[in-house]
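Reader: I am new to this structure and want to learn how to read its features. Where shall we begin?

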Amino acid sequence: MRSRLFLVFTFVSLIIITFGAARKEMVLQSGKVFYLKLQPVDPRAFMQGDKMRLNYEINYNKNDYLHMSGACLMLDEKQIGIYITDMPKDKCTDSGNIWLKMQKTNFKFITDSYFFQEGMADKYIIAKYAILKYDGQGSAMLTGLAYETMQEIE
């Protein structure tokens with residue numbers, strides 16, 4: 001009986017993991033690409049190897065959005081995020097911008113770190129943009145970093 005229960009839980013866990021991975025892969029394949037300008041950051045993290053802590057150069061006041069479930073990231077003609085506003089989701093996405101859900105626990109729209117192979121810090125420290133893909137549902141996935149020319153660093 002215990003072994004059957006273990007097998008059922010294992011099977012359910014594998015289904016959940018597979019579904020999550022498939023969803024992320026779908027965003028990588030078909031998500032809307034946009035960029036966020038980066039401010040200078042320190043590329044080292046003690047005990048974690050090489051990573052870059054990302055500071056996004058977006059003008060917003062955290063306190064203005066704490067009561068909201070999300071906010072609209074306005075994009076320019078190059079698909080670079082310029083500023084955040086409290087525009088409603090429907091109006092935001094209809095105008096070609098990005099509506100992002102808030103992560104209440106940490107108040108951030110997207111990830112704030114980028115891991116890379118050890119010893120490659122010099123290559124990534126010159127990054128000027130974060131490359132992200134939007135899933136259309138309020139989440140964005142960091143997919144890489146880019147030079148000033150918006151060419152991806154490989």
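Reader: Which residues point one way from E5, and which the other way?

Author: Start with the general idea. In a regular strand, side chains alternate between the two faces of the sheet. Now the case here, in what is a predicted model. Gly70, Cys72 and Met74 point one way from E5. Ala71, Leu73 and Leu75 point the other way.

Reader: Is E5 enclosed or open, and how many of its residues are buried?

Author: Buried means under 20% relative accessible area. In E5, 6 of the 6 residues are buried, so the strand is largely enclosed by the rest of the structure.

Reader: In what order do the strands of the sheet with E5 run?

Author: The general idea comes first. Strands of a sheet pair through backbone hydrogen bonds, either parallel or antiparallel. Here 3 strands form an open sheet in the order E6-E5-E7, and the pairing is antiparallel. The edge strands are E6 (81-85) and E7, each pairing on one side only. On average, neighbouring strands of this sheet are turned by 30° against each other, direction ignored.

Reader: How many bridges join E5 and E6?

Author: E5 and E6 pair over 4 bridges, in the antiparallel sense. Look for the partners. Leu73 stands opposite Ile84 in E6. Leu75 has Gly81 in E6 as its bridge partner. The hairpin of E5 and E6 has 5 residues between the strands, and there Gln79 takes a positive phi near 70°.

Reader: What is the bridge partner of Ala71 in E7?

Author: The partner is Leu100. E5 and E7 also pair in the antiparallel sense, over 4 bridges.

Reader: Which residues have the most contacts inside the largest nonpolar core?

Author: Read a core as a set of buried nonpolar residues joined through side-chain atoms within 4.5 Å. The largest one here has 31 residues. Those with the most contacts inside it are Phe34, Leu36, Leu54, Tyr56, Leu73 and Leu145. Several elements each supply at least two residues, including strand E1 (32-39), helix H4 (121-124) and strand E10 (140-146). E5 gives the most, with 5 residues.

Reader: What is Leu73 in contact with, leaving aside its neighbours within four places in sequence?

Author: Among its contacts are Phe34, Leu36, Ile58, Ile82, Ile84, Cys92, Asn97 and Leu100.

Reader: What about Tyr114 and Tyr124: how many Å lie between their centres?

Author: Their centres are 5.7 Å apart, with 55° between the planes, and the pair is tilted. Tyr114 lies in strand E8 (residues 113-115) and Tyr124 in helix H4, so the pair ties together parts 10 residues apart in sequence. Both are buried.

Reader: How many helices and strands does the protein chain have?

Author: The chain has 4 helices and 10 strands. Of its 154 residues, 38% count as buried.

Notes. Residues numbered from 1 in each chain as written. Predicted model: local features only at pLDDT ≥ 70, side-chain atom pairs only at ≥ 80, totals over all residues. Heavy atoms only, no water. Buried < 20%, exposed > 50% of the residue type's maximum accessible area, 1.4 Å probe, protein only. Contact = heavy atoms within 4.5 Å. Pairing = 2+ DSSP bridges. Axes fitted to C-alpha atoms, helices over the stretch in contact; angles between N-to-C directions. Phe/Tyr/Trp six-rings, centres within 6.5 Å; stacked < 30°, edge-to-face > 60°.
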